[in-house]
Amino acid sequence: MNEPVIDVVGLRCRYGGFEAVRGIDFVVQPGELFALLGTNGAGKTTTMEVLEGLRTPSAGSVRVLGLDPAADRARVRPRTGVMLQESGFPGDLTVREAVTLWRGLTSRPSQVDESLAMVDLSHRRDVRVKALSGGERRRLDLALATLGRPDVLFLDEPTTGLDPESRARTWRILRDLLAHGTSIVLTTHYLEEAENLAHRIAIMHEGRIEVSGSLVDVLEREASRICFTRPDGVAFPGLPGVAGRIDPDAFRKGRIEIRTRVLQDDLAVVLRWASDHGIQLGRLRAHHASLADVFHGVSHHAAVAA
Ligand SMILES: Nc1ncnc2c1ncn2[C@@H]1O[C@H](COP(=O)(O)OP(=O)(O)OP(=O)(O)O)[C@@H](O)[C@H]1O
C-alpha cells in the first residue's frame with residue numbers, strides 16, 4: 001500500500017484545563033475522501049486546525065505528506081488547500097480581485113476564469129465579496145482552496161448554507177478532484193454528504209473517535225430496520241416471532257420497529273404473519289441502517305453511558 005498522506009497517532013489537544021481531543025488515531029490514503037463527523041463540540045475543527053498546521057497538539061504525532069504540518073509548514077502549506085468554517089477574506093475586493101490576489105500566493109495556480117467557472121461564479125466576478133450571498137461566498141471559498149491544485153484539501157463544513165443545486169455542484173467538483181488524485185479531509189453535519197462522498201469515516205464524540213472504518217464497515221455496525229404502523233388491536237405478545245428486537249418505545253407510540261441482523265428472513269416472517277392474519281401493513285419500510293442511524297447510535301450510547 002502507498003504511504004498515507006495523513007497519519008495521526010495518539011493526537012491530544014488542550015485548551016487550558018480542557019482536553020478537546022483525547023487521543024485519536026487515523027490515516028488518510030492518497031486519493032481518498034476521509035469524512036470526520038461528530039456531535040457539536042466533538043473536536044473536529046480542533047483536529048482540522050492541527051492538520052492544517054495552525055495548532056500544536058499537546059500530545060501525539062501528526063504527519064501530513066510525510067511532514068510535520070506545524071514545524072514544516074513552509075513545505076506543507078503550498079501542497080494543501082484549506083477551506084475554514086469562516087473565511088476571513090477582505091469583503092471590499094471584487095470576486096475576481098480576491099481570486100487573483102490568492103492566485104499569487106499559490107505555487108501551481110489554476111486560471112482565474114477557470115476557477116470561477118468551476119464554482120459557477122463567472123457572472124459575479126465584478127461583485128464585491130461582501131455583497132455575495134452566504135452560498136456564493138462558500139463557493140468562492142472553495143475556488144480559493146482549490147486554486148493551487150493541492151495534493152491535500154481540508155474542508156470544514158464546505159456546503160453549509162448551500163442550496164441543493166450548489167451542494168450537488170460542490171459534490172461534483174470534489175469527485176472530480178478525487179479522480180485527479182487529490183486527497184480530501186472533510187467535516188460535515190450533512191450525513192448524506194459523507195454517505196455520498198466518503199471512502200472512509202470517523203465519528204467523534206467528546207474528543208474521541210467512537211466509530212471509524214470504510215463506509216460499508218461503519219454501516220454494518222448497526223442493525224437493519226423493518227418498520228410499519230401498529231395495526232389496530234395488535235398486542236405486544238401477538239407480534240410476529242422475528243429474530244430481531246422489537247422496540248417497546250416505538251410500540252407505545254403506535255409504530256412497530258424491528259431491529260434485525262437478518263433483514264430478509266425477518267421481513268419474510270412479518271409478511272407471512274400479516275398475510276395469515278389478514279393485516280394490511282401501513283407505511284411498511286425495510287432498509288439497511290443509514291449513516292444517520294449509526295450517528296444516532298453513537299450519540300445515544302454516549303448519552304446512556306454518561
Ligand atoms: N479557543 C478555544 N478555547 C477553549 N475551548 C475551545 C476553543 N475552541 C474550541 N473549544 C472547545 O473545544 C471543544 C471542541 O471544539 P471544536 O470546535 O473542535 O468542535 P467541533 O467538533 O468542530 O464542533 P462543531 O461541530 O460544533 O463545529 C468544544 O467543547 C469547544 O467549546
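**A walk through the predicted model**

Arg283 sits in the loop between helix H10 (263–276) and strand E13 (285–287). Helices (H or I, at least four residues) and strands (E, at least two) are DSSP runs numbered from the N terminus. The model is predicted: local features need pLDDT of at least 70 and side-chain atom pairs count only at pLDDT 80 or more, while totals for chains, interfaces and linings use all residues. Residue numbers start from 1 along each chain as its sequence is written.

Arg283 is not a glycine, yet its phi is positive, about 50°. A residue counts as buried if 20 or more other C-beta atoms lie within 10 Å of its own, as exposed if 12 or fewer do, and as partly exposed in between, with C-beta atoms placed from the backbone. Arg283 is exposed because 8 other C-beta atoms lie within 10 Å. Glu157 likewise is a residue other than glycine with a positive phi, near 50°. Glu157 lies in the loop between E6 and H6, and this residue is buried because 20 other C-beta atoms lie within 10 Å.

The protein is divided into domain 1 (6–219) and domain 2 (223–288), with bounds that come from an automatic or database domain assignment. Taken over C-alpha atoms, the centres of domain 1 and domain 2 are 42 Å apart.

The description now turns to the start of the chain. Strand E1 (residues 6–15) and E2 run antiparallel and are joined by eight bridges. Two strands pair if DSSP finds at least two bridges between them. In general, strands of a sheet pair through backbone hydrogen bonds, either parallel or antiparallel. Arg12 stands opposite Arg22 in E2. The hairpin of E1 and E2 has two residues between the strands, and Gly16 in this hairpin takes a positive phi near 60°.

The ligand comes next. Around it are Tyr15, Phe18, Ala20, Gly38, Asn40, Gly41, Ala42, Gly43, Lys44, Thr45 and Thr46. A residue is near a molecule or strand if its C-beta atom, placed from the backbone, lies within 6 Å of it. Strand E2 (18–28) and helix H1 (44–51) each supply at least two residues of this shell, and H1 gives the largest share, three residues. By type, the shell holds four nonpolar residues, six polar and one charged. Here Ala, Val, Leu, Ile, Met, Phe, Trp, Tyr, Cys and Pro count as nonpolar, Asp, Glu, Lys and Arg as charged, and the others, Gly among them, as polar.

H1 is mostly covered, with seven of its eight residues buried. These are Lys44, Thr46, Thr47, Met48, Glu49, Val50 and Leu51. Gly53, which follows H1, has a positive phi near 80°.

Helix H5 (residues 134–146) is also mostly covered, since ten of its 13 residues are buried by the cut-off already given. The buried residues of H5 include Leu140, Leu142 and Leu144. What covers the buried residues of H5 includes strand E5 (80–83), helix H3 (95–103), helix H4 (112–118), strand E6 (152–156) and helix H6 (164–179). From its first C-alpha to its last, H5 reaches 19 Å, close to the 18 Å expected at 1.5 Å a residue. The expected span is 1.5 Å times one less than the number of residues in the helix.

Ser214 belongs to strand E9 (residues 208–214). Ser214 is partly exposed because 13 other C-beta atoms lie within 10 Å. Leaving aside neighbours within four places in sequence, Ser214 is in contact with His199 and Arg200; contact means that two C-beta atoms, placed from the backbone, lie within 7 Å. The C-alpha atoms of Ser214 and Arg200 are separated by 4.2 Å, although the two residues are 14 residues apart along the chain.

Glu220 lies in helix H8 (residues 215–220) and is partly exposed because 15 other C-beta atoms lie within 10 Å. Between the C-alpha atoms of Glu220 and Ser290, 70 residues apart along the chain, the separation is 9.3 Å.

One more sheet remains. Four strands form an open sheet with antiparallel pairing, in the order E11-E12-E10-E13. Strand E11 (245–246) and E13 are the edge strands, each pairing on one side only. Strand E10 (residues 224–229) and strand E12 (residues 255–260) run antiparallel and are joined by six bridges. Ser224 has Thr260 in E12 as its bridge partner.
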